[in-house]
Amino acid sequence: MSTQDTEQYKITKEPFYEAQSNEVALYSAAYGERLPMMVKGPTGCGKSRFIEYMAWKLGRPLITVACNEDMTASDLVGRYLLDADGTRWLDGPLTTAARIGAICYLDEIVEARQDTTVVIHPLTDHRRTLPLDKKGELVEAHPDFQLVISYNPGYQSLMKDLKQSTKQRFVALDFDYASAELEADILVKETGIDKTTAEKLVQVGVTARNLKGHGLDEGISTRLLVYAASLIKGGIAARDACRMALVRPITDDSDIRSTLDHAIDAVFES
Ligand SMILES: Nc1ncnc2c1ncn2[C@@H]1O[C@H](COP(=O)(O)OP(=O)(O)OP(=O)(O)O)[C@@H](O)[C@H]1O
Ligand SMILES: [Mg+2]
């Protein structure tokens, strides 16, 4: 692997990340032991941003793979390609990460089929190896390599959950939406919006999160609050921005929509 490969995946600028608790210290300790890490939490609460921040802080390249149910083990590990000169092996993202000592972030790992998931097993125990069966090569992971997976608890069906033999190869950190004060601060720093408007947006978020399980599958994420904040910052009226960014995407139920629309009107009345 050339240094160019490593440089390509390096995060050069510090990502903005506001810590919720002691997750930075805990992650650093886990990385120190090169323990595989699982980050759990609802959509849009800051998991991916946290991993980007940690990769930057630890000075490691980051390779992210969005997993899906059509993904095969070859998509992760690599395959032979046919070209004009014959066949040529191309490393997949997992193999590249293991070779260059990157942090490999498998986003939404449960979406992948179980036969795909098991390829990470030898990499995530004492062996720290990755067999490339088709190529007849055993890759020894670089000492700095670490595997990270994300997991949205609650979305899993029985068919789609991870096997215990996979789960029990990881340490895990729970994530949730930031506290109201912290979340408003995130909106201010991320979008440049004023504090009062940020606090109002968070209030709408909190209202919606209370409807989870009462007509809403999932509350409004920090990501959507950031969308609304940036629309308002760009000059869109708060009520319109909130309807478009916070309500229309998450539900088609007319009762819930009108409950949320009323909440928005009440919050942005003054
Ligand atoms: N602690 C935080 N510090 C800074 N920004 C944050 C934080 N939490 C959330 N955000 C903001 O929320 C957005 C969504 O976060 P992120 O993409 O990390 O969510 P996620 O948990 O990975 O969601 P998903 O499960 O859908 O992938 C970020 O782009 C960022 O703007
Ligand atoms: Mg993510």
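Colleague: How do the residues of the shell around ligand 1 divide into nonpolar, polar and charged?

Modeller: The model is predicted: local features need pLDDT of at least 70, side-chain atom pairs count only at pLDDT 80 or more, and totals for chains, interfaces and linings use all residues. Residues are numbered from 1 along each chain as its sequence is written, chains are lettered from A and ligands numbered from 1 in the order written, and side-chain values use heavy atoms, without hydrogens and water. With Asp, Glu, Lys and Arg as charged, Ala, Val, Leu, Ile, Met, Phe, Trp, Tyr, Cys and Pro as nonpolar and the others as polar, the shell has six nonpolar, six polar and five charged.

Colleague: Which of the 17 residues around ligand 1 come nearest?

Modeller: A residue is near if one of its heavy atoms lies within 4 Å. Of the 17, the nearest are Thr43, Gly44, Lys47, Ser48 and Glu190.

Colleague: How much of the area that ligand 1 exposes when taken alone does the protein bury?

Modeller: Backbone atoms approach the ligand: a polar one of glutamate 18 is 2.8 Å from a ligand nitrogen, and one of glycine 44 is 2.7 Å from a ligand oxygen. Alone, ligand 1 exposes 640 Å² (Shrake-Rupley, 1.4 Å probe), and the protein buries 89%.

Colleague: Are the rings of tyrosine 53 and tryptophan 56 stacked, tilted or edge-to-face?

Modeller: The structure has six aromatic pairs (centres within 6.5 Å; planes under 30 degrees apart stacked, over 60 edge-to-face, the rest tilted). Here the centres are 5.9 Å apart and the planes at 35°, so the pair is tilted.

How values were computed:
Polar contact = N/O pair within 3.5 Å; in protein donor to acceptor, adjacent residues only side chain to side chain.
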